[in-house]
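I opened this structure for a first look. My notes follow in the order I looked things up.

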Amino acid sequence: MASLPMSIPLSTRCTRRRAIAMIAAGAGTLAAAAGCDRAARADAGTLELVWGDRGNRPGHLQRPRAIAADDHDRLFIADMTDRIQVFSTDGAFLHHWRLPAFNVDGPTGVSIDNAGNVMVADTHFYRILIFTPDGEPVATIGGVQGAEPGQFGYVREVVQDASGYLFTSEYGWADRIQVLDPDHRFVAHWGQYGTEPGQFRRPESLALDGQGRLFVADSCNHRIQVFETNGRLLGVWGGQGAALGQLSYPYDIAFGGDGNLYVCEWGNHRVQRFTPDGKSLGAWGRAGRDRGQLNFPWALAVDQHGRIHVADSSNHRVQRIVL
C-alpha cells in the first residue's frame, strides 16, 4: 500500500486535448452523440432547471469544473477564473471568494468536510485549500510538487470519512490515492499508473458510501474502482463505450440518498446512475447546447433533496435534473 508508483512521463498521460482527439478518432463525434442519445432514452429523467451565463463577473460562469452541495441548500462552484462562487440550489448568486493564486485552468475539485467547510483541490498548485462556507481560510495542505509521500501532483479531489481521515486522488507525477489523518499528516498511499486492477490512469473524483468503501473514477481507464479505506481492492466495473453500463471519461461521481452512484461522463455527455455493484439504472443527457443537452460536463453534485446539479462545463451553466 505504501509503495511508490512507477514514473511515467507526463506527455504519455491522458490529457483533455488527447481525450478529445481520441473521441473524434473513434466512431466520430456524431456517432458518439447518437450512441449517447440511444442510451439516454433508457431513463430520460426529468430536467427541472437550467441556469448560468458565461462570463467573469460575480454570478457568471466560465467553464465550471467542480461543484459541491452542502446541507443548507448551497452550491459551491469552481470555474476557470480561480474563484469559488456560492449559489442557492435554485441558481441565485449569494457570494464568492478568490483563491490565493491564479492559474488559467483553475481548481478541479470541491467537496464538503464533516464540519461543513469547503475543501478545494487547488490542482495546479499541488495542494488542498480548506475554507469556511463564507470563504475564510482554514488550512492549506501540501503545495510541494512530487511523488514522495505527502507531496502532490495534480490533486483532483479530496473527501473525508466519518473518522476525519482525508483521501485524495492525483495524477501527473503519481497516479494514486493518498490518505491523511485528521491532522493532515500523511498515513499511506496506493496505486500506480497502469491499466491493471488497482492501477490508475488519471484518477479523478472520489466518493465514500455508507459502508465506508471508497469509489474512484478511474477516468482514462473508463471505469470505477472500489476499495476498502486501507487500499484493498474490492471491485472494478465499467469499460469504454456509450451503451448503458459503459463509460467514457468518468470525471465525477457522487452518491445520492437512494444509495446509488451518479457518474458524470465527460466523453459521453451524460449522467449515468449505477447501483454500488455497477449495474446501470439508466442515463440522462446527450451532446449539444440546447436545454437538456450537455457539452463536456465536468462535475455533478447531489443535494439533500436528491436532485442532481450538473456542471455543464462547455455550455457555461448548471442543469438540475432528477434521474
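**Entry 1: S111.** I began with S111, which sits in strand β6, residues 109-112. Strands here are DSSP runs of E with at least two residues, and they are numbered from the N terminus. I keep in mind that this is a predicted model: local features need pLDDT of at least 70, side-chain atom pairs count only at pLDDT 80 or more, and totals for chains, interfaces and linings use all residues. Residues are numbered from 1 along each chain as its sequence is written, and side-chain values use heavy atoms, with hydrogens and water left out.

Is S111 buried or exposed? S111 is buried, because its relative accessible area is 10%. The cut-offs are under 20% for buried, over 50% for exposed, and partly exposed in between, with a 1.4 Å probe and protein chains only.

I then looked up the surroundings of S111. Its side chain reaches the backbone oxygen of V158 at 2.5 Å. Leaving out residues up to four places away in sequence, S111 touches A68, N117, V118, M119, E157 and V158. Contact means heavy atoms within 4.5 Å.

**Entry 2: aromatic rings.** I found 15 aromatic pairs in the structure. Rings of Phe, Tyr and Trp (its six-membered ring) pair if their centres lie within 6.5 Å; planes under 30 degrees apart are stacked, over 60 edge-to-face, and the rest tilted.

I looked at F87 and F93. Their ring centres are 5.7 Å apart and their planes stand at 65°, so the pair is edge-to-face. F87 counts as buried at 1% relative accessibility. F93 is partly exposed at 33%.

Next came W237 and F274. Their centres are 4.7 Å apart with planes at 40°, so this pair is tilted. The pair links distant parts of the chain, 37 residues apart: W237 is in strand β17 (residues 233-238) and F274 in strand β20 (residues 270-274). W237 is buried at 11%. F274 is buried too, at 0%.

I also noted a cluster: ring pairs link Y249, Y251, W266, F296 and W298. R65 lies over the face of W298, at 4.2 Å from the ring centre. A charge sits over a ring if NZ of Lys or CZ of Arg is within 6 Å of the ring centre and within 35 degrees of the ring normal.

**Entry 3: P100.** Where is P100? I found P100 in the loop between β5 (93-98) and β6. P100 is exposed, with a relative accessible area of 61%. Apart from neighbours within four places in sequence, P100 is in contact with R127 and L129. I also checked R83, 17 residues from P100 along the chain: their C-alpha atoms are separated by 9.1 Å.

Conventions
Helices (H or I, at least four residues) and strands (E, at least two) are DSSP runs, numbered from the N terminus. A polar contact is a pair of N or O atoms within 3.5 Å; within protein, one must be able to donate a hydrogen and the other to accept it, and residues adjacent in sequence count only if both atoms are side-chain atoms.
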